[in-house]
Amino acid sequence: MIKFNLTGYVDNLNVKANKIIKSITKAINKEFKIKTKHIVSFIITNDTGIHDINKTYRNIDAPTDVISFAGIDSETDRTLPYELGDIFINKDRVISQAHDYGHSEKREFAFLVTHGMLHLLGYDHMNDEEEKEMFELQDKILEIVKISR
């Protein structure tokens, strides 16, 4: 059963972050039949904070929307450690991307939570096959929690 911690600029979000994360982790627990105990840390940051993280750890000198640091080292090893990892979500991108994509901030935040969680579970999108699998799972989880565009 995946549990979570939530810190950072939570009060600066226009969504009920705790409720959204709780519903998504519940759906993921059910979908992946996760019965063992695990923890995920969600950190809400901004463009500046995530830019620094992206530059330091990924050598990319730009902000992004979400960064996951997974406890799983290999895409083929899906053995889940107790500490699944950390997910940094950029609140500034939640707002701007919701506007750009024409959907709610709630939907954008839920998408980034789901995307980050799937990375922690060993999924990626480095090629067409991986991307198809991961994006189908994202859509399925968002459908389960009834958060659509």
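Reader: Is Asn29 buried or exposed?
Author: This is a predicted model. In it, Asn29 has a relative accessibility of 6%. The cut-off for buried is under 20%, so Asn29 counts as buried.

Reader: Where is Asn29 placed?
Author: Asn29 belongs to helix 1.

Reader: And which residues is Asn29 in contact with, leaving aside its neighbours within four places in sequence?
Author: With those neighbours set aside, Asn29 touches Met1, Ile2 and Ile34.

Reader: At what angle do helix 1 and helix 4 pack?
Author: Helix 1, residues 17-31, packs with helix 4, residues 105-120, at an angle of about 45 degrees, and their axes are 10 Å apart. The two helices are therefore oblique to each other. Their crossing is right-handed.

Reader: Which residues make that contact?
Author: From helix 1 they are Ala17, Ile20, Ile21, Ile24, Thr25 and Ile28, and from helix 4 they are Lys106, Phe109, Ala110, Val113, Thr114 and Met117. By class, the contact of helix 1 with helix 4 contains 9 nonpolar, 2 polar and 1 charged residues.

Reader: Why would residues a few places apart point the same way?
Author: An α-helix has 3.6 residues a turn, so residues three or four places apart point the same way.

Reader: What about helix 4 and helix 5, at what angle do they pack?
Author: Helix 5 covers residues 128-144, and helix 4 packs with it at an angle of about 130 degrees, with the axes 10 Å apart. That angle makes helix 4 oblique to helix 5. The crossing of helix 4 with helix 5 is right-handed.

Reader: Which residues of the two helices make the contact?
Author: Helix 4 contributes Arg107, Ala110, Phe111, Thr114, His115, Leu118 and His119, while helix 5 contributes Met134, Phe135, Leu137, Gln138, Ile141 and Leu142. The contact of helix 4 with helix 5 divides into 8 nonpolar, 4 polar and 1 charged residues.

Reader: Changing topic: which residues of helix 3 are buried?
Author: Helix 3 spans residues 91-101, and its buried residues are Lys91, Val94, Gln97 and Ala98. Viewed down the axis of helix 3, these buried residues fall within an arc of 125 degrees, so they line one face of the helix. His99 and Asp100 are exposed on the other side of helix 3.

Reader: And what do the buried residues of helix 3 pack against?
Author: They pack against strand 2 (38-45), strand 4 (83-90) and helix 4.

Reader: Is Glu143 buried or exposed?
Author: Glu143, which is in helix 5, has a relative accessible area of 64% and is exposed.

Reader: One more topic: what is phi for Lys33?
Author: Lys33 has a positive phi of about 55 degrees, although Lys33 is not a glycine. Most residues other than glycine have a negative phi. Lys33 sits in the loop between helix 1 and strand 2, and with a relative accessible area of 64% Lys33 is exposed.

Reader: And what is phi for Lys146?
Author: Lys146 is also not a glycine, and its phi is positive, near 60 degrees. Lys146 lies in the segment after helix 5. Its relative accessibility is 72%, so Lys146 counts as exposed.

Terms used
Residues numbered from 1 in each chain as written. Predicted model: local features only at pLDDT ≥ 70, side-chain atom pairs only at ≥ 80, totals over all residues. Heavy atoms only, no water. Axes fitted to C-alpha atoms, helices over the stretch in contact; angles between N-to-C directions. Helix = DSSP H or I, 4+ residues; strand = E, 2+ residues; numbered from the N terminus. Parallel < 35°, antiparallel > 145°, perpendicular 65-115°, else oblique. Left-handed = near helix turned anticlockwise from the far one by under 90°. Contact = heavy atoms within 4.5 Å. Nonpolar A, V, L, I, M, F, W, Y, C, P; charged D, E, K, R; others polar. Buried < 20%, exposed > 50% of the residue type's maximum accessible area, 1.4 Å probe, protein only. Arc of directions from axis to C-beta.
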